Amino acid sequence: MGVPTTSEKPSGQEQESAWRIVAVYTIFAALWILLSDTLVGSMFSDAKVVAMIGLFKGWLFVGVTALLLFTLISRLIGNYEKSLEQLKLREDELNRSQHLLLEAQHIAGLGSYELDIASGRWTSSDICDEVLGIPRDFERTLESWSGLVHPDDWPALLAYFTEQVLQAGKPFDREYRIVRHSDKEIRWIRALGKVTRDAQDNPARLTGTLQDISTLMWAQARITETTNTLQATLDALPDLLFEVSEQGYIFQYHSHSRDLLAAPPEAFLGKRFDEVLPPEACAVCRAAIDEASRTGFSSGKRYSLDLAQGTRWFDLSVAPMATGTQNSKRFIFIARDVTDRYLAEKQLELAGLVFNHAREGIVVTDAEGAIIDVNQAFARVTGYSREEVLGRNPRFLSSGRQSKEFYNVMWTRLLELGFWTGEVWNRHKDGEEYAELLTISAVRGPTGQVVQYVALFSDITALKKYQSELEHVAHFDVLTGLPNRLLLADRLHQAMAQCQRRGQKVLIAYLDLDDFKRVNDSYGHEVGDALLQALGQRLVAHLRDGDTLARIGGDEFVAVLTDFVDTESVMPLISRLIAAATEPFHLEERVLRISTSVGITVFPQEAELDAEQLLRQADQAMYQAKVAGKNRYHVFDFRHDSEIRVHFDILERMRLALAQSEYVLHFQPKVNMRTGTVIGAEALIRWQHPERGLLAPGEFLSSAEESPISVDIGEWVIDAALRQHLVWLSQGFEIPVSVNVGAIQLQQCDFLQRLQRILARYPSVKPGNLQIEILETSALRDMQQVTTVIQACKDMGVEFALDDFGTGYSSLTYLRQLPVAMLKIDQSFVCNMLDNVDDQAILRGVVGLAQAFGRKVIAEGVETEAHGRLLLQFGCDLAQGYGIARPMAGDAFALWMQDWTLHPGWPERR
């Protein structure tokens, strides 16, 4: 910017002043000429005078005109000089302002630029060049500008310029990094700009400013880093921090764990303590504020809160802030969760109580074993006071019973495992020995080194004495003083192990007195006991050293004979034992004679056997001796034992089949041959064997007749039959089911309760839809019990049928006494009835008996239509058999019922 010169055009105001001066001068000149000439002409007539006056008038006009011009010019010059002074002042002021602006831009790092969008060329101010670090001759192109922008920022900057500025028409406003051209220093800049458009509304130029904001960005980064560090520090603290006013209002908080707050933050910010805390905690906080106000700090105050994770305890520290808000003092609260420490303190208090009041003695030593503390129980057990033992090593209590090796092992285990438990004999202050149960634990410091040992012991002297007595009772028969079954098993194991090492044999002799019950019944148990004692002493007298005679119960004894090569060499000793038992016993002026049967087995055998199996073998052999006539011995028969093993294997396999659900039920229909009605179905068990396929009951049930497994299988049959009946009910068929119950199952003392529990599992099944079939022989075992069970079941709604009627005793008294509802004619009479008149007579008799006693009757084994016709003639309407249907699975039974039709000839028979 410059100062205007004289060649510059005058302004309109200056032109108006000039014209005004010219007009005044013209008027003055015209009036002067006209008036002066007229006045002179009227006053003077002389030409010379007039000429002289005209000359004078001319010079006067020149003088006046010159004076007037001088005045006008002087005025113009004065005004012009004044204008020049004002212009100079304005220019100086403008230069100062421009200098200040340049200084401000330089200080702020604010430069200006202009970009020709079409050509991509740009211009920049000196400050802009200084910020970018470029010389004045730097080639200012779009490519060179991209070289100045940090490579990581250029893609985003270009996209922003293209999408937001050029396309969307927004002002340019962006912060990004540059790499200075001169020294490659990275700086932050903020660029502002505005796009101007041409006549076609296309972006033409971008003008704006850019400012070096590196200092600001670095300051913000340091502030952010400091803030993050402070936040991380606060997050690392396990404390709750609050800003609280003197009136108890909560303004700010910080917590690493929200679950330590008494309420969500939004629930307590801006509220007082008493609005969010229980009264006890509120009182603690109020007291802390008062103390901090007086002394400048408060600490050590504790309160508890019932939080979601349970009761938590907090220690409170409070200090006033340096400045307040609105003349209100504020405080910083630091609440630390000390629940673990609080509980530990309580544990320590409890440990102290336990230490002082424990009934067990407690000894605490240092790492070298010097006693540093004992409790009262220690003094009571050992007789030494606390003052007498402090600083001493506990080894002074040793009784000398334990060897050096014992203590070496103890310390080795203690150092390896950190603890040792065992029994130790020590000596009381008065010299008496006592037994203690001792546990020593090593207490380790932070680095793992042992710093203390803690020993806990209790006096078990009385227990050891009692244990010794119990061991004798546990291992010896109270009556005879002989080893009992437990000690016998131990000695038998030892003998078996020794004989294998020595290549010799062990003989087990199982002795059972013959008719010993007669002695007890005749003379009483006291005489019987005396006889057993005398027999035991007599038998022991005949045994060798190393042999064992044990009484295992009642009148049963077992002798274990060792160290012989063959069985024959020891048989004379067995004979002597039998002979010794038969010699007369003189007891209380009575002379008693008895005999004994002996079963013998030998170890080792071809098969691997344990001690219990050997005893069972000897027991079985003893039973054979009794069967053979008593007062003799019998050697175990290995072949017979093999058969028994096979039998037990079958039972075990049947038990496994029950556990693995290998049994299935088939159902055989029962029908009324006169009406065609299906009156029920008999449940018949089958074994779906994994290897042998489907097995009929005759192939496996006989093995379990006398075994408890028959009870489990029988209950499974009842349950499965009721379950199938429930399925038929859901299909619309109410078909009663009958099941076979064996003698053992029926005579269980809790048979009725077991049956009730099974029925309770199927409440929708009527008890009358279950019928139980039993054999005559089952009832004969205990007629009274079976009658009671049948009557109880009948009262419950469950009916009984007598199966295979006619093959047993079939007594009229038997039939009259049993409250069964139905008789089942055995199929052996039905199969041959067409050609055998005796069978026909039996059938007529059975039907007549059933009618006479008011029982229903059903025939098994109906194979043909002819069987059915003849049975109908005899008055037997109910039947089952292959001529009606074979047993079938439960799912197939409902389909069979839909297709079942009566034989045409049956309904006509009467």
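Colleague: What makes Thr-601 count as buried or exposed here?

Modeller: Keep in mind that this is a predicted model. Buried means under 20% relative accessible area, and Thr-601 comes in at 1%, so Thr-601 counts as buried. Thr-601 is found in strand S21, residues 595–603.

Colleague: How do you know which residues Thr-601 is in contact with?

Modeller: Contact means heavy atoms within 4.5 Å. Leaving aside neighbours within four places in sequence, the list for Thr-601 includes Val-506, Leu-507, Ile-508 and Phe-636. Leu-614, Gln-617 and Ala-618 are on that list too.

Colleague: Why is the pairing of the Thr-601 and Gln-617 side chains called a polar contact?

Modeller: The cut-off for a pair of N or O atoms is 3.5 Å. The two side chains, Thr-601 and Gln-617, meet at 2.7 Å, so the pair is within that cut-off.

Colleague: And His-689, what makes that residue buried or exposed?

Modeller: The relative accessible area of His-689 is 10%, and the limit for buried is under 20%, so His-689 is buried. His-689 sits in strand S24, which covers residues 678–689. The His-689 side chain also reaches the backbone nitrogen of Glu-691 at 3.1 Å. Not counting residues up to four places away in sequence, His-689 touches Arg-653 and Leu-695.

Colleague: What about the cysteines: how many disulfides did the search find?

Modeller: Zero, across the whole structure. A disulfide needs a pair of cysteine sulfur atoms within 2.5 Å, so zero disulfides means that no such pair turned up. As for burial, Cys-128 has a relative accessible area of 0%, so Cys-128 is buried. Cys-749 is at 77%, so that one counts as exposed.

Colleague: How many helices and strands does the chain have, and what share is buried?

Modeller: The protein chain has 30 helices and 32 strands. Of its 910 residues, 38% are buried. The chain exposes about 51200 Å², with carbon and sulfur atoms supplying 55% of that.

Key:
Residues numbered from 1 in each chain as written. Predicted model: local features only at pLDDT ≥ 70, side-chain atom pairs only at ≥ 80, totals over all residues. Heavy atoms only, no water. Buried < 20%, exposed > 50% of the residue type's maximum accessible area, 1.4 Å probe, protein only. Helix = DSSP H or I, 4+ residues; strand = E, 2+ residues; numbered from the N terminus. Polar contact = N/O pair within 3.5 Å; in protein donor to acceptor, adjacent residues only side chain to side chain. Areas by Shrake-Rupley, 256 points an atom, 1.4 Å probe, with all protein chains shown as cover.
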